[in-house]
Amino acid sequence: MDAYDEGSNARHGPDAPRRPAPPAQRSAPADSAAPDASPGPPEPDVHPGPEPAPVASPVPSEPVVSAVPSAQVASPAPRGPLPPGEPRSGIAALSPRYQVGVALALAVVAIGVCVHIGMTFLHVAPPNTVTRTHGEAVDDWIYPEFEQNWKLFAPNPLQQNISIQVRAGVRGPDGMTQTTGWYDLSAEDGRAIDGNLLPSHTQQNELRRAWDFFVATHDSENRPVGLRGSLSESYLRRIMVLRLGRDDAVRAATGSTGVIERVQVRSRTSNVPPPEWSREKVSTTPSYRELPWWRVPQDEARGGVR
């Protein structure tokens with residue numbers, strides 16, 4: 001076997017590595033005659049190495065289509081003038097002159113509220129240096145419109161029914177004076193309040209507070225104590241005259257032509273009966289307190305107090 005044999009065991013030179021035969025030669029039978037090929041130069045020894053990266057052929061780049069609409073990517077247009085702000089409301093919408101007037105009015109109201117709260121506090125507070133020095137000014141501010149009554153919160157609330165009754169001496173056209181019967185004004189107020197969802201303050205408190213005012217400024221002999229005693233008499237008397245002048249029974253009894261000359265007031269006091277389950281025993285017999293006759297001035301008798 002010479003050096004040019006193409007068999008599987010042929011060697012290409014003394015140091016040439018063994019190379020496998022081509023597939024065509026491996027599959028051919030041994031007795032087949034191989035064409036006589038002229039020897040050629042030996043193939044170079046090639047060692048495997050990293051394959052070079054494929055170089056892409058230059059392809060013309062296509063235009064990139066953006067997914068954002070052209071209106072959004074376009075350069076922003078210059079903004080116009082900003083819209084005017086919301087219209088002012090309230091005091092800010094007024095002119096400066098009216099704003100000053102409103103501010104002064106609010107200041108006066110605030111001062112009045114503070115003064116009233118301070119006077120009320122001094123009235124209900126225990127005696128102190130301020131009330132001893134300015135007690136008369138405090139009383140003038142509070143009485144009679146803003147008087148405070150704390151009986152609702154007393155440990156022992158009132159357990160009596162007190163009704164105010166009145167009768168009048170009416171002078172008729174003939175000059176004779178006729179005395180009417182007793183009219184229970186408290187019962188009239190009670191009937192007006194009963195079933196009324198919004199009773200008036202006058203029906204609830206006017207008559208009761210007038211009587212409490214009188215009792216607090218008079219002794220047990222109905223004599224006034226201090227200067228406020230005469231004021232309480234005038235206040236109670238005027239209420240009686242007004243109520244009698246509006247009473248249909250009085251006008252019917254005098255023929256609507258009489259003039260009230262004098263009035264007399266009395267109170268009827270009775271204890272509230274205890275509940276059935278209570279063992280307390282109290283007397284329910286009413287007691288009366290009659291005041292002397294009060295003469296009615298002519299201006300009050302002819303409707304001057306209206």
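This is a predicted model: local features need pLDDT of at least 70, side-chain atom pairs count only at pLDDT 80 or more; totals for chains, interfaces and linings use all residues.
Residues are numbered from 1 along each chain as its sequence is written. Local features need pLDDT of at least 70 and side-chain atom pairs count only at pLDDT 80 or more, whereas totals for chains, interfaces and linings use all residues; side-chain values use heavy atoms, with hydrogens and water left out.

The secondary structure comprises nine helices and six strands, taken as DSSP runs numbered from the N terminus (helices: H or I, at least four residues; strands: E, at least two). Of the 306 residues, 20% are buried (under 20% relative accessible area, 1.4 Å probe, protein chains only).

The largest nonpolar core holds 21 residues, of which Val166, Leu236, Met240, Val263 and Val265 touch the most other members. Such a core is a set of buried Ala, Val, Leu, Ile, Met, Phe, Trp, Tyr and Cys residues joined through side-chain atoms within 4.5 Å. At least two residues of this core come from each of β1 (160–171), α6 (201–216), α7 (228–246) and β4 (259–271), and α7 gives the largest share, five residues. Beyond its neighbours within four places in sequence, Val265 is in contact with residues including Trp182, Trp211, Leu236, Met240 and Trp294 (contact: heavy atoms within 4.5 Å).

At helix α5 (residues 185–193), Asp184 caps the N-terminal end, with a side-chain oxygen 3.3 Å from the backbone nitrogen of Ser186. Just after α5, Gly195 adopts a positive phi of about 80 degrees.

Leu94 is located in the loop between α2 (70–73) and α3 (96–124).

Conventions
A polar contact is a pair of N or O atoms within 3.5 Å; within protein, one must be able to donate a hydrogen and the other to accept it, and residues adjacent in sequence count only if both atoms are side-chain atoms. Buried means under 20% relative accessible area, exposed over 50%, partly exposed in between (1.4 Å probe, protein chains only).
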